[in-house]
Amino acid sequence: ASTYTLLTAHHATTHPSLPNYLSLIGGDTFGITDDCEDCFVKAPSLPDLIEKSGRTWKTYQDDMPDPCYVGSTLRYKQKHNPFIYFDSIRLNAERCKRSVVPLTQLDGDIALNDLPNFIFITPDICYSSHDCGLDLADTWLKQQIDKIYPALESSGEPFLIILTWDEGEGNQSCCGLPESAGGRVATVLISPQVKSNFQDETLYSHYSILKTISEAWGLPKLGHAADEETALIASPWK
């Protein structure tokens, strides 16, 4: 955070986890208010737009047993994988198995210089610090950043790593969210293109991340990403 940019007023959309994840790639909570595992969504999502633009995407899910796995295990939790909830992904077996994969595939994709344009990584329930200590979560995160940053840097293309959390402890709200929302969360932007040791106090929500990705790539803005109250993340760029 001290090396790159910290968003100090970024807000989650709601509680608990799942609807926040859906917000990040779908622009809405779709009326979902719990961590259900059978509440699938028939709506467009960011991956649909990414593919239509000719780009590629993949989510690497820590401790996921198999590609396109539906359900949870002791350490892998479906509620932290929003992609599997969208019918257009889950019900297309070839597409799903290609792009919704265990984190173990990351090393191979880096070795082959075959990383997709959009990457979404979720730690398991231990390394998210939900069930285990911060020391383990921090070590895990450092390992991932130490792999990904050099791989992206070597491409010679502009890139951005976004480090964020699904929800905060409180119910703080902002920028068009319901009066009781998901609380304030830290969000760090890691990139050679962002200001160094910069703190952005603009009121943002998870929808702002989706809006900013869409704006950068010239994609349509889904759901609340299109709302005027949803701020574009603009101040951090050099």
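This is a predicted model: local features need pLDDT of at least 70, side-chain atom pairs count only at pLDDT 80 or more; totals for chains, interfaces and linings use all residues.
Local features need pLDDT of at least 70, side-chain atom pairs count only at pLDDT 80 or more, and totals for chains, interfaces and linings use all residues. Residues are numbered from 1 along each chain as its sequence is written, and side-chain values use heavy atoms, with hydrogens and water left out.

**Exercise 1. Determine how many residues of helix 1 are buried, and what covers them.**

Step 1. Helices (H or I, at least four residues) and strands (E, at least two) are DSSP runs, numbered from the N terminus. Helix 1 covers residues 17-26.

Step 2. Apply the burial cut-off: buried is under 20% relative accessible area, exposed is over 50%, and partly exposed is in between (1.4 Å probe, protein chains only). Ten of the ten residues of helix 1 are buried. Among them are Tyr21, Leu22 and Ile25.

Step 3. Look for the cover. It includes helix 2, strand 4 and helix 7.

**Exercise 2. Describe how helix 1 packs on helix 7.**

Step 1. Take the axes, which are lines fitted to C-alpha atoms, for helices over the stretch in contact; angles run from 0 to 180 degrees between N-to-C directions. The angle is about 20 degrees, and the axes are 7 Å apart.

Step 2. Classify the angle. Under 35 degrees counts as roughly parallel, over 145 as roughly antiparallel, 65 to 115 as roughly perpendicular and the rest as oblique. Helix 1 and helix 7 are therefore roughly parallel.

Step 3. List the contacts (heavy atoms within 4.5 Å). From helix 1, Asn20, Ser23, Leu24, Ile25 and Gly26 meet His206, Tyr207, Ile209 and Leu210 of helix 7. These residues divide into five nonpolar, four polar and no charged. Here Ala, Val, Leu, Ile, Met, Phe, Trp, Tyr, Cys and Pro count as nonpolar, Asp, Glu, Lys and Arg as charged, and the others, Gly among them, as polar.

**Exercise 3. Check the length of helix 6.**

Step 1. The expected span is 1.5 Å times one less than the number of residues.
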